[in-house]
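Dear colleague,

Please find below the structure that I am handing over to you.

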Amino acid sequence: MLIPTLGCPAHCSYCWSSEEGSPVMKIETINEVVLWLKNFRNDRVTITFHGGEPLLAGVDFYRQALPMLSEGLCDLKPEFALQSNLWKLTPELADVLAEYHVPVGSSIDGPHEICDLQRGAGYFEKTMRGYEIAKAHGVSVRFICTFTSRSVRSKEEIFHFFLKNGFTLKLHPALPSLRNNNPDQWALAPKEYGELLVYLLDQALEHSDEIDIMNINDLVRCVFTRRGNVCTFANCMGNTFAVGPDGFIYPCYRFVGIPEYVMGNVYDHPSPEALARSDAAKLMQQYKEYVDTACGECRHIKYCRGGCPYNAIAPTGGKIQGVDPHCVAYKRIFDEISDRLNNEMFGGPGFEMSGFGAPPVKGAKPKIMTLMHKIVTR
């Protein structure tokens, strides 16, 4: 991930990644990223511009950065993505993003009133204005919805907002923060998060031909393949890095700007071995070893891996004293999916062995296998 700046024009109530007056990455830093990654590993690379608000870097930055990365790392076949509230999107910027096929993840927390209540007055209108510019210029946009301890009470209204507007739904639970003196003010409690996921599983099955709920797709895929496939459940350590505006390297964008979690700097072109020797990398490795012991008897360990390391250490001031607090939620939804899937495949009233590749029976109540069939055949 590249973090051009930690600055952001929005003032979302629960945000932990915005700093007033944050510097903007220089284009020279992008050149150093190219020189670093060319000799770092031979794996295919995905580069996500994150923040803060990455569009604050401006159109000239992307006019230079995208071809520099695309051509300089052509052997690694780079793919791009960008996370933005879209407030600063202009037609010129949209054209640059479209030229390099950069999909955008944006954030809308539901209908106008709910969204502005937790993201600030005017947020919804400004983001939707940017969304219309993106659509007009051929830029793909998907929305992430953050559920807080308050908005979860309106989950039905929020879901139907996404359904009615034909938006793909991806959700995040509001998280505690290492940067905030009151980290739990907006945080979604693990038990509530688990029940929210089960609710959305039911909605995904009932409306499988009308909406994609990305989290549910990912969770079902985890259970079916027995392997984590998104960063929360994958072994991200050593495979994901974030580069801050000044070139410092961190384990993840959530740590950017916190000195204790610096692993190195792109200007030094560190090797994987050099990054692994950093205190931050050692802490991530300690978490991995902790999970092996703490979660050893859990039936979901292969594809959960204790959840997110950042989530685990945020409530304890950076110390490893437990796994991701959302473990309760993960167990709830993984148990639900596993039990339903086992029932569909091996038992239950009216069960018929139709095979994974078989299309869903017309008129039948949607099941996990129906959703899985949709995921793998699209």
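In this predicted model, a polar atom of the Asp116 side chain lies 2.9 Å from the backbone nitrogen of Phe124. Asp116 belongs to helix H4, which covers residues 112-119. Beyond its neighbours within four places in sequence, Asp116 is in contact with Ala121, Gly122, Tyr123 and Phe124. Asp116 is buried and yet has no salt bridge. The nearest side chain of opposite charge is that of Arg119, 8.2 Å away; a salt bridge would require a side-chain nitrogen within 4 Å of a carboxyl oxygen.

Arg119 itself is paired elsewhere: its side chain meets that of Asp109 in a salt bridge, at 3.0 Å from N to O. Arg119 lies in helix H4 and Asp109 in the loop between strand E3 (104-107) and H4, so this pair ties together parts that are 10 residues apart in sequence. Arg119 and Asp109 are both buried.

The count for the model comes to 16 salt bridges. Two further examples may be of interest to you.

One of them joins the side chains of Arg332 and Glu195, with an N to O distance of 2.8 Å. Because Arg332 lies in helix H13 (residues 327-346) and Glu195 in helix H7 (residues 190-206), the pair ties together parts that are 137 residues apart in sequence. Arg332 is partly exposed, with a relative accessible area of 28%, and Glu195 is also partly exposed, with a value of 37%.

Another salt bridge is formed by the side chains of Arg305 and Asp292, again with 2.8 Å from N to O. Arg305 is found in the loop between helix H11 (301-304) and helix H12 (309-313), and Asp292 in helix H10 (residues 279-294), so the parts tied together here are 13 residues apart in sequence. Asp292 counts as partly exposed, at 42% relative accessibility.

Salt bridges that share partners also build one network, which joins Glu195, Asp202, Arg332, Glu336 and Arg340.

As to the cysteines, the count comes to 0 disulfides. Cys298 is in no disulfide, and the nearest cysteine sulfur, that of Cys295, is 6.2 Å away. For Cys327, likewise in no disulfide, the nearest cysteine sulfur is that of Cys295, at 6.1 Å. Cys298 is partly exposed, with a relative accessible area of 24%, and Cys327 is partly exposed with a relative accessible area of 24%.

With kind regards

Methods
Residues are numbered from 1 along each chain as its sequence is written. This is a predicted model: local features need pLDDT of at least 70, side-chain atom pairs count only at pLDDT 80 or more; totals for chains, interfaces and linings use all residues. Side-chain values use heavy atoms; hydrogens and water are left out. Helices (H or I, at least four residues) and strands (E, at least two) are DSSP runs, numbered from the N terminus. Buried means under 20% relative accessible area, exposed over 50%, partly exposed in between (1.4 Å probe, protein chains only). Lys and Arg count as positive and Asp and Glu as negative; His and the chain ends are not counted. A polar contact is a pair of N or O atoms within 3.5 Å; within protein, one must be able to donate a hydrogen and the other to accept it, and residues adjacent in sequence count only if both atoms are side-chain atoms. Contact means heavy atoms within 4.5 Å. A disulfide is a pair of cysteine sulfur atoms within 2.5 Å.
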